[in-house]
Amino acid sequence: MKQYMKLLPVLALGMVVESCVDDALLPYSVQKPTSVAQYEYLNNYDVLKSYLDRAKNPNFKLGLAASVSDFVQQGVVYEAVTTNFDEMTAGNAMKYASVVADDGTMNFSTVSNFVDVAKAAGITIYGHTLGWHAQQNMTYLNGLIADKEITVDPGDAEEVNDVYVDYSTLGSYTYWHGDKVDASINSDGNLLIHNPEAIENFYEIQYHVANGLVASPDIEYTVTAKIKASGDGYLTCCIGDWGGQQTAALSFTTEWQEVKLTFTGVNTADGFVMFQSGNFAGDIEIEWLKVTHKEAPSISLWNNMLLNSDCESDDTSCFYATEMTSGPKAATFGAAGTGADGAGRAIVVKSGDNPTNTWDTQFFVKTPRMMMAGEKYRFSMKYRADKEAGCETQSHNEPGGYVFYNMFTNPTFSTTWQEFVYEGTISEDQAGASGMNTIAFNLSVLPEANTYYFDDIKWELEEKGNTIPLTPEEKKDTLTWALDNWVKGMMEATGGYVTAWDLANETVSGVDNDGDGFYDLQSSENGDPTTNFYWTDYL
């Protein structure tokens with residue numbers, strides 16, 4: 001009987017050879033280790049593939065998965081594969097992340113070498129895998145579908161205020177100043193600096209004219225001051241902080257002027273603008289001062305903050321309701337066909353009879369982030385009711401955590417579907433002291449019970465940026481190209497030798513979110529998009 005690749009006998013042989021370094025026989029016997037003895041029965045078996053009945057199963061192949069890097073060395077792993085098996089599957093070498101680099105370049109050298117070695121040994125290869133959500137190059141694929149930069153004419157740059165001081169709003173001068181400074185806010189609301197005489201050390205008369213500057217060294221900043229004096233002269237303008245400053249001379253006359261100075265290399269997280277005017281005798285008057293820089297113009301982008309906006313999954317993390325005075329609880333989704341499209345689902349809220357207050361029945365929409373005063377938002381939804389009714393809206397800091405009685409124009413319900421869209425800015429009253437994150441709809445406005453339906457709910461925050469998301473069509477087109485490129489490269493690398501493939505691996509998840517009786521396809525909704533790339537989300 002032929003025996004191939006018996007690992008334990010080889011190990012035993014190594015032990016014998018090592019024991020023969022001294023040619024004298026040892027005066028004692030050594031018992032065979034149990035770890036070796038317990039597997040000696042394997043010597044009675046032939047190689048694994050010899051047990052296949054080829055006559056009955058002519059197309060059956062016995063295969064295994066192994067490390068390609070070990071196999072191509074043609075050592076122990078190579079011998080185990082070629083003597084015992086008909087076919088081999090690469091452990092990782094033929095997967096996307098093993099071939100595709102962060103910049104999208106593909107290196108198939110390991111794959112080609114694997115094919116050459118396997119082909120020479122008469123071992124077929126089972127290709128694993130062309131399509132998968134795991135072991136993908138996330139950096140490259142997410143970069144392909146990242147927001148695209150907007151082409152902007154440099155000449156269209158916008159001026160951005162970093163600091164602006166209107167001294168008439170200060171009431172009194174409270175900024176830092178040296179011991180020799182006579183500074184005040186005069187009757188005209190201007191900053192007045194009185195220098196009775198010039199001094200040799202001009203920097204001893206120094207005073208802040210603006211605070212709270214945040215600056216980066218790679219940005220050019222402009223200091224502009226509306227200034228005049230009792231005579232012509234100049235002062236030294238310093239910008240930065242006590243750890244480092246940039247300086248320049250600022251000239252003035254007896255007439256009001258807007259004087260500008262530019263600075264580069266300013267680096268501070270909490271800086272100031274300081275004037276030093278000890279070389280001038282007389283009065284200096286400043287109406288306002290600002291620090292600015294220029295940026296490419298940005299556009300408004302609307303980012304929807306709500307999960308399950310279409311109401312088609314079971315996620316209720318953004319939607320709550322009360323019926324009479326039961327307190328907030330997760331909203332209830334209606335059956336298929338209750339939605340605005342006649343086929344999907346809607347959120348269904350029922351009010352009770354004879355309410356005491358309009359807020360006895362409420363529907364709450366909660367955003368995952370706190371909204372502060374001054375933030376611009378857009379709220380939209382589709383809605384109807386079994387009976388015509390009005391409602392009231394409030395701002396809350398949690399469902400049931402009342403902040404302000406008015407959120408926006410109160411929608412009026414009809415028995416047919418309508419669309420409501422409101423765009424506005426969070427006011428200080430709506431935000432309260434710590435912000436708001438919930439819109440409450442007070443639904444108990446009829447003396448009798450009613451049923452309300454809500455669908456396609458979006459709460460969008462305005463964000464400024466110089467990028468714009470790709471459309472679904474653009475993402476599909478881009479990723480279709482990337483997938484074609486990957487498959488073509490693999491086919492060329494394997495040269496037609498690999499004829500059996502996992503075309504798409506583990507495509508079905510273990511969950512049934514839509515309740516149709518079938519497990520859903522793998523997707524970011526039921527998986528982890530931070531570690532996996534779900535091609536089916538786009539293609």
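**Figure 1. Helix 6 passes helix 9 in a right-handed crossing.** This is a close-up of a predicted model. The axes of helix 6 (residues 109-121) and helix 9 (residues 472-494) come within 8 Å. They cross at roughly 35°. From helix 6, Val 111, Ser 112 and Val 115 make the contact. From helix 9, the contact residues are Met 490, Ala 493 and Thr 494. Sorted by class, four of the contact residues are nonpolar and two are polar. No charged residue takes part.

**Figure 2. Helix 6 and its buried residues.** Val 111, Phe 114, Val 115, Val 117 and Ala 118 are the buried residues of this helix. An α-helix has 3.6 residues a turn, so residues three or four places apart point the same way. The buried residues of helix 6 pack against several elements, among them helix 3 (68-71), helix 4 (76-84) and strand 2 (87-90). Helix 5 (96-99), strand 3 (124-127) and helix 9 also pack against them. The length of helix 6 agrees with expectation, because 13 residues at 1.5 Å a residue should span 18 Å and the end C-alpha atoms are 19 Å apart.

**Figure 3. Helix 9 and what covers its buried residues.** Helix 9 has 23 residues. From first C-alpha to last it reaches 33 Å, close to the 33 Å expected at 1.5 Å a residue. Its buried residues are Leu 479, Ala 482, Trp 486, Gly 489, Met 490, Ala 493 and Thr 494. Of these, Met 490, Ala 493 and Thr 494 are buried and also make the contact with helix 6. The cover over the buried residues includes helix 5, helix 6, helix 7 (138-144) and strand 28 (500-501). Just after helix 9 comes Gly 495, with a positive phi of about 55°.

**Figure 4. Gln 276, a buried residue in a strand.** Gln 276 is found in strand 13 (residues 268-276). Gln 276 counts as buried because its relative accessibility is 9%, under the 20% cut-off. Its side chain joins that of Gln 206 in a polar contact of 2.9 Å. Beyond four places in sequence, Gln 276 is in contact with Phe 202, Tyr 203, Ile 205 and Gln 206, and also with Leu 235, Thr 236 and Cys 238.

**Figure 5. Thr 412, an exposed loop residue.** Thr 412 lies between strand 23 (402-404) and strand 24 (418-425). Thr 412 counts as exposed because its relative accessible area is 52%, over the 50% cut-off. Leaving aside neighbours within four places in sequence, Thr 412 is in contact with Tyr 383, Ala 389 and Gln 418. Ala 330 is 82 residues from Thr 412 in sequence. The C-alpha atoms of these two residues are 24 Å apart.

**Figure 6. Backbone details at Thr 129, Asn 308 and Asp 456.** Most residues other than glycine have a negative phi, and most peptide bonds are trans. A cis peptide bond joins His 128 and Thr 129, with omega about 0°. Thr 129 has its place in the loop between strand 3 and helix 7. Asn 308 has a positive phi, near 60°. The loop holding Asn 308 runs between strand 15 (299-304) and strand 16 (319-322). Asn 308 counts as buried, at 11% relative accessibility. Asp 456 also has a positive phi, near 50°. Asp 456 lies in strand 26 (residues 450-465). With a relative accessible area of 27%, Asp 456 is partly exposed.

How values were computed
Residues are numbered from 1 along each chain as its sequence is written. This is a predicted model: local features need pLDDT of at least 70, side-chain atom pairs count only at pLDDT 80 or more; totals for chains, interfaces and linings use all residues. Side-chain values use heavy atoms; hydrogens and water are left out. Axes are lines fitted to C-alpha atoms, for helices over the stretch in contact, and angles run from 0 to 180 degrees between N-to-C directions. Helices (H or I, at least four residues) and strands (E, at least two) are DSSP runs, numbered from the N terminus. A crossing is left-handed if the near helix is turned anticlockwise from the far one by less than a right angle, and right-handed if clockwise. Contact means heavy atoms within 4.5 Å. Ala, Val, Leu, Ile, Met, Phe, Trp, Tyr, Cys and Pro count as nonpolar, Asp, Glu, Lys and Arg as charged, and the others, Gly among them, as polar. The expected span of a helix is 1.5 Å times one less than its number of residues. Buried means under 20% relative accessible area, exposed over 50%, partly exposed in between (1.4 Å probe, protein chains only). A polar contact is a pair of N or O atoms within 3.5 Å; within protein, one must be able to donate a hydrogen and the other to accept it, and residues adjacent in sequence count only if both atoms are side-chain atoms.
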